[in-house]
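Dear colleague,

My notes on it follow directly after it.

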Amino acid sequence: MTAAPTVLDGLDDVRAAVGRDLGTTAWIEVTVRSVELFTRATSAEGPRDGGIPVVPPEMVLALTNLFLPQLVVVEGVSAGVNYGTEQVRYGAALPVASRVRARAELTAADEVPGGVQTTIRITVEAEGTAEAVCVVDSLSRWLA
């Protein structure tokens, strides 16, 4: 478990961190209640895997926004903006009440007007499974 997020100080630090492992979050349980609230709010329905209810893929993707600030903090910038995603790949189905965590790597830092756009690969893992549940190339913009 990462004791604290990786802290990057300014845009030069962000650029220099390409290829860097940003750590791993603590495990969290995806509870029945959280899945119920998510499906009620979004109308997303989780499929069933052999009769076992599984977490909707959209919820797994949404969890990456919970995990990202636990993995990296950028200081010395005027703003940080979630810019969306590039590739999103789903792997193993996630049964409800599973424990998950994320690990991340900063894979790219590209110049954009006023700052830097990063690609951070976030891998969501389920306890007890070898295959990733979801791998997301998350885009963020950090402005000077």
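Helices and strands are here DSSP runs, a helix having at least four residues and a strand at least two, numbered from the N terminus. Please bear in mind that this is a predicted model. On that basis, the protein has 3 helices and 10 strands. Read from the N terminus, their order is β-α-β-β-α-β-β-α-β-β-β-β-β. The radius of gyration is 16 Å, close to the 15 Å given by the globule rule for 144 residues, so the protein is as compact as a globular protein of that length.

Overall dimensions and surface

Along the principal axes, the C-alpha atoms occupy a box of roughly 50 × 30 × 20 Å. The accessible surface amounts to about 7,400 Å², and carbon and sulfur atoms account for 52% of it. Of the 144 residues, 40% count as buried. When contacts between residues at least 6 apart in sequence are considered, 70% of them join residues at least 24 apart.

The nonpolar core

The largest nonpolar core has 34 residues, and those touching the most other members are Val30, Val55, Leu94, Val100 and Ile120. Two or more residues each are given to this core by the helices α1 (10–16), α2 (32–42) and α3, and by the strands β6 (72–75), β8 (99–112), β9 (115–126) and β10 (134–143). The largest share, 6 residues, is that of α3.

Leaving aside residues up to four places away in sequence, Ile120 touches Leu22, Leu68, Val72, Ala104, Glu105, Leu106, Thr107, Val136, Asp137 and Ser138.

Helix α3

Helix α3 comprises the 15 residues 57–71; at 1.5 Å a residue it should span 21 Å, and its end C-alpha atoms are 21 Å apart, which agrees. Which residues of α3 are buried? They are Met59, Val60, Leu63, Thr64, Phe67, Leu68 and Leu71. As a general point, an α-helix has 3.6 residues a turn, so residues three or four places apart point the same way. Leu68, one of the buried residues of α3, is also among the residues that Ile120 touches.

Pro5 is placed in the segment before β1 (6–9). Its relative accessibility is 29%, and Pro5 therefore counts as partly exposed, since that class lies between the 20% limit for buried and the 50% limit for exposed. Beyond residues up to four places away in sequence, Pro5 touches Pro69, Gln70, Leu71, Val72 and Val73. The C-alpha atoms of Pro5 and Gln117, 112 residues apart along the chain, are separated by 19 Å.

Pro95 is found in the loop between β7 (79–90) and β8. With a relative accessibility of 32%, Pro95 likewise counts as partly exposed. Its contacts, again without residues up to four places away in sequence, are Ile52, Pro53, Val54 and Val55. Pro95 and Gly46 are 49 residues apart in sequence, and their C-alpha atoms are 9.4 Å apart in space.

Is Gly51 buried or exposed? Gly51 lies in the loop between β4 (48–49) and β5 (52–53), and at 53% relative accessibility it counts as exposed. From Gly51 to Leu11, 40 residues apart along the chain, the C-alpha separation is 48 Å.

With kind regards

Terms used:
Residues are numbered from 1 along each chain as its sequence is written. This is a predicted model: local features need pLDDT of at least 70, side-chain atom pairs count only at pLDDT 80 or more; totals for chains, interfaces and linings use all residues. Side-chain values use heavy atoms; hydrogens and water are left out. The expected span of a helix is 1.5 Å times one less than its number of residues. Buried means under 20% relative accessible area, exposed over 50%, partly exposed in between (1.4 Å probe, protein chains only). The radius of gyration is taken over C-alpha atoms; the globule rule is 2.2 Å times the number of residues to the power 0.38. Contact means heavy atoms within 4.5 Å. Accessible areas come from the Shrake-Rupley method with a 1.4 Å probe; for residues, only the protein chains shown count as cover. A nonpolar core is a set of buried Ala, Val, Leu, Ile, Met, Phe, Trp, Tyr and Cys residues joined through side-chain atoms within 4.5 Å.
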